[in-house]
Amino acid sequence: MASEDTPAIAARGLRQAYRSGFLWKQREVLRGIDLDLPRGARLGLVGPNGSGKSTLLRVLAGVERPTGGELAVLGGDHASSRIRARVGFLPEDTPFPRELRALEALELLASLRCVERATARARAQELLAAVGLEAARRTKLGRFSRGMLRRFGLAQALVHEPDLLLLDEPTAGLDAQGFAVFDELLERARARGASMVIASHVLADLQAHCDQLIVLHEGRIAAAGKPGEVLRGEAGASIVLEVAGLDERGLNSLEASVAQQGGRVLSRGPSTETLRALYRRLSR
Amino acid sequence: MNRRLIALVARRFLPPGALALFAAALALAMFIPWAPSAEQGADQLVPEVSAGLARAGVLLTALAVILPWFCARAAWCVGQWRQGDGDWLGTARLSRGGVALAHLCGAGLALAVALLPFAFAAELRAGDAAPRLRWLADSAVRPVVLLTESDRVQVVAPVPRGGDVLRARFVIAAPGNGGPQARLRCDIARSGARNASVEVLVTSNDALEVQLAGGVGPLELGFQRVGPGAAVVLESSRLQWFESKPARWKGGLALFLEAWLAGGVVCALALGLAAWTSAGTAFLAAFSPLCCAWLSDSLPIAWPGVGLRGALALCSDGLGAGWPALLTWTFVAIVCALAAALPALQRDLWRREV
């Protein structure tokens, strides 16, 4: 049994390649990834499409076996079923059994990760309520919208209370209320001491939930460090500033002070918090 | 083994579209006249044969729609794993072999559910006529060739448990001085029982039937021709043993089991092969042994579909089928084990390039 001091992820020279096409040509997707994630740490993954984020998460989750390098997850072999059952994985798309009702599907996924029958039912009901799908627990997953499937995906990744959480584009397709659910569930997992790896294109998510950031480019780590450090160095970098409680005059004055400091306001419009407030009012 | 996963797989093998197709086939099988009508000479058929033809007809209809669907669905399982199921199956606390085995169990369960209504419908179509005899075993004996009146061949055959009727099927080998027919006599001796003798007229392919009347140990049979006639030989050098007045459910259950085993082995082959080839290739490779069993007479009993074909042939003759052979069960178990191992050996089982 690995001690709690062992890192959640220790990878050395991790490689993943696929062969495809008529000539069975090899294409390298991961080209030597070195990664150390301490227990309880939260890592963000960014990179352009095709940079290998999803593949890296699938390898870490044990869904795929790497073609090269060394990998230890939670102090053990990432491919062993014992370790896999301690990892929660939210895949990029949501390929869960469409013919099952939400509660049935969540109970199935819990049982596949060795959660006891009675516990599985209770936890499935609790998680469906937490992600706002309680009313839809008897609806088949095939009838779910994309956002509902993402919420379900979050619930299934957490149903066995994993020690390592791997989330691929967790907020894609979520509405404002979904963002709040996501924040809350991640906070609960963090409080439990779970380690996390989140791949996302939404920098605000990564900045809010991660204490380390890795930029992947063509299967290699192009930059790594604290989110602020990694992003600060970029020439012409822009930031999002959400402001509340100012009227039109106040906003104009703020814009003028930005201009005085040599900056410029790129866009101005209602923030996601406005939508959240609207949904909260509607649900009341 | 995860029961919920097995139930999900079974559900996937029986989607509403497939259920509707099976229901239509069942309705069709209930109305097709399987036995010849009175104008076609039905009055010459004994009721057991008419009932047997109806039974076999309903089951053949079932097999014609169910087996191709199950084979195709099993071959498509691995494709489904690679199209997304692998993301949650791959993170389960189940080995790859365990996942494959759960799929085989689900397929077997769904196959049983699909076959059961046809098995009941077959009995319903057969009406009140239950088979008079149920096949138990075949005994290989030395060749029996009776060319002249003076030829007499003695054979000794062990009696299987429960067997009380023996059939020896003779065929005309060459026409003799009495035309293309011959009268045969069989003298029967068994310790503890009175000696007896039976005669039969062989015109093309006719069976000599012996009813045992007690006794213990092996049976001694003496075959000889009576009077002038054609040369006759014992077909395939084997004797068939039957149980008389069998319980009706035994024949029906035996047919069901043969169909289930044939379907099961086809599904297992398709699933195992699909891990290494395309779904289409796996389907063809898994289904072709079954077609071979229907086309060839010389395949071993363990070959997928051979036992089923034999059981259906007995059924069409108005006889009850026997339990599937131990060799058939063993072969199915071996194929299932291999089918579970083949996906486990595939490195890129859940592979989905992203």
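This is a predicted model: local features need pLDDT of at least 70, side-chain atom pairs count only at pLDDT 80 or more; totals for chains, interfaces and linings use all residues.

**Helix α3 of chain B and its surroundings**

Modeller: Gly52(B), Leu53(B), Arg55(B), Ala56(B), Leu59(B) and Leu60(B) are the α3(B) residues here, and they meet Leu312(B), Cys315(B) and Ser316(B) of α7(B). A contact means that two C-beta atoms, placed from the backbone, lie within 7 Å.

Residues are numbered from 1 along each chain as its sequence is written, and chains are lettered from A and ligands numbered from 1 in the order in which they are written.

Now the geometry. Two packed helices are described by the angle between their axes and the distance between the axes. For α3(B) and α7(B), which covers residues 306–316, the angle is about 145° and the axes are 7 Å apart. The axes are lines fitted to C-alpha atoms, for helices over the stretch in contact, and the angles run from 0 to 180 degrees between N-to-C directions.

The α3 helix of chain B also turns up at the boundary with the other chain. There, 22 residues of chain B are in contact with 29 residues of chain A. On the chain B side, α1 (3–13) and α3 (47–89) are the elements that give two or more residues. That side has seven nonpolar, six polar and nine charged residues.

Stepping back, chain B has eight helices and 10 strands. Both are DSSP runs numbered from the N terminus: helices are H or I with at least four residues, strands are E with at least two. The chain splits into domain 1 (3–132 + 250–345) and domain 2 (133–244), with bounds from an automatic or database domain assignment. Over C-alpha atoms, the centres of the two domains of chain B are 36 Å apart. Nine residues of domain 1 of chain B are in contact with five residues of domain 2 of chain B. The domain 1 side of that contact has four nonpolar, three polar and two charged residues. The C-alpha trace of chain B spans about 85 × 45 × 35 Å along its principal axes.

Of the 354 residues in chain B, 44% are buried. Buried means 20 or more other C-beta atoms within 10 Å of a residue's own, exposed means 12 or fewer, and partly exposed is in between; the C-beta atoms are placed from the backbone. Among chain B contacts with a separation of 6 or more, 81% come from residues 24 or more positions apart.

In chain A, 41% of the 284 residues count as buried, and 68% of the contacts between residues at least 6 apart in sequence join residues at least 24 apart.

Note on methods. Ala, Val, Leu, Ile, Met, Phe, Trp, Tyr, Cys and Pro count as nonpolar, Asp, Glu, Lys and Arg as charged, and the others, Gly among them, as polar.
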